[in-house]
Amino acid sequence: MGDVLCTPVLVLNKNFEPVHLTTARRAFVLLYGGAAMALDESGEPYDFELWRELPVRDDDDAVPLVVGAVRVPRVLHLHRYDRTPRLQVRLTRRNLMVRDAHQCQYCGRRPAIRDLNIDHVVPRSRGGSDSWENLVTSCKPCNLRKGWKTPEEANMRLARRPVRPKWTMTAQILLGTGSRYREWEPFLRAS
Ligand SMILES: [Zn+2]
């Protein structure tokens with residue numbers, strides 16, 4: 001049951017735009033409290049009272065509540081939340097590697113993820129910042145070869161100029177999870 005309560009639920013704002021993912025546990029809190037409606041695969045909205053009456057089918061996840069087994073929703077509609085999603089992509093090691101397609105930005109090799117480093121183009125010791133524009137994916141040999149030098153000093157060339165990625169909310173949501181449910185499709189396609 002612990003795992004089921006951790007499964008991802010797609011959260012939509014008032015305009016049915018994907019906002020983020022939450023957990024089934026949090027989804028039940030929002031649904032029970034009336035802050036959100038659960039949507040079934042046809043987009044039909046349900047409050048908690050109606051949702052708990054839905055039958056649990058073979059391919060549904062369900063949680064045993066006091067009222068009986070209740071289907072875990074996959075999509076939640078925050079019908080009073082009208083803010084549009086934040087599109088700022090978070091600067092993380094994982095996102096940097098995705099931006100750089102898991103490819104060393106100096107030699108172009110694609111080693112295993114564990115053999116990739118994040119390199120400061122202008123080294124920290126020389127005032128280089130932690131930013132999308134100054135961090136790139138690098139293989140360990142290139143990282144070692146570059147050391148505390150700038151690319152020019154090390155006579156190394158970047159494959160491309162590093163910039164902040166412009167990913168859509170959909171791309172970010174799918175990157176953040178290994179799951180993808182058919183109930184998500186209409187909303188992720190539209191955004
Ligand atoms: Zn390399």
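Which residue in β7 is the bridge partner of Leu 10? The answer is Val 75. The model is predicted.

1. **The β1/β7 pair.** Strand β1 covers residues 8-12, and strand β7 covers residues 75-77. They pair in the parallel sense, over 3 bridges. One of the residue pairs joined here is Leu 10 with Val 75.

2. **The sheet.** β1 and β7 belong to an open sheet of 5 strands. The order is β2-β1-β7-β3-β4, and the pairing is mixed. At the edges stand β2 (18-23) and β4 (45-46). Each has a single partner strand, so one side of each has no neighbour in the sheet.

3. **The helix across the sheet.** Helix α2 spans residues 24-33. It lies across β1, β2, β3 (37-39), β4 and β7. Relative to β2, helix α2 runs at about 110°.

4. **Leu 12.** This residue lies in strand β1. Is Leu 12 buried or exposed? Its relative accessible area is 0%, so Leu 12 is buried. Leaving aside residues up to four places away in sequence, Leu 12 touches Glu 17, Pro 18, Val 19, Leu 39, Val 75, Leu 76, His 77, Leu 78 and Phe 187. Val 75, one of these contacts, is also the bridge partner of Leu 10.

5. **The hairpin.** β5 (residues 62-65) and β6 (residues 68-71) pair in the antiparallel sense over 4 bridges. They form a hairpin, with 2 residues between the strands. Leu 65 has Gly 68 as its bridge partner in β6. For a distance check, take Leu 12 and Val 70: their C-alpha atoms are separated by 21 Å, and the residues are 58 apart along the chain.

6. **The zinc site.** Which atoms coordinate the zinc ion? They are the SG atoms of Cys 104, Cys 107, Cys 139 and Cys 142, at 2.3 Å. Angles among the 4 donor atoms run from 102 to 115°, and the site is tetrahedral. Along the chain, the donors follow the spacing C-x2-C-x31-C-x2-C.

7. Cys 104 and Cys 107 both coordinate the zinc ion. Cys 104 has 1% relative accessibility, so it counts as buried; the cut-off for buried is under 20%. Cys 107 counts as partly exposed because its relative accessibility is 38%. That class lies between the 20% and 50% cut-offs.

Methods. Residues numbered from 1 in each chain as written. Predicted model: local features only at pLDDT ≥ 70, side-chain atom pairs only at ≥ 80, totals over all residues. Heavy atoms only, no water. Donors = N, O, S within 2.8 Å, 3.2 Å for Na, K, Ca; no water. Tetrahedral: all angles 85-135°; square planar, octahedral: opposite > 155°, others 65-115°. Buried < 20%, exposed > 50% of the residue type's maximum accessible area, 1.4 Å probe, protein only. Pairing = 2+ DSSP bridges. Contact = heavy atoms within 4.5 Å. Axes fitted to C-alpha atoms, helices over the stretch in contact; angles between N-to-C directions.
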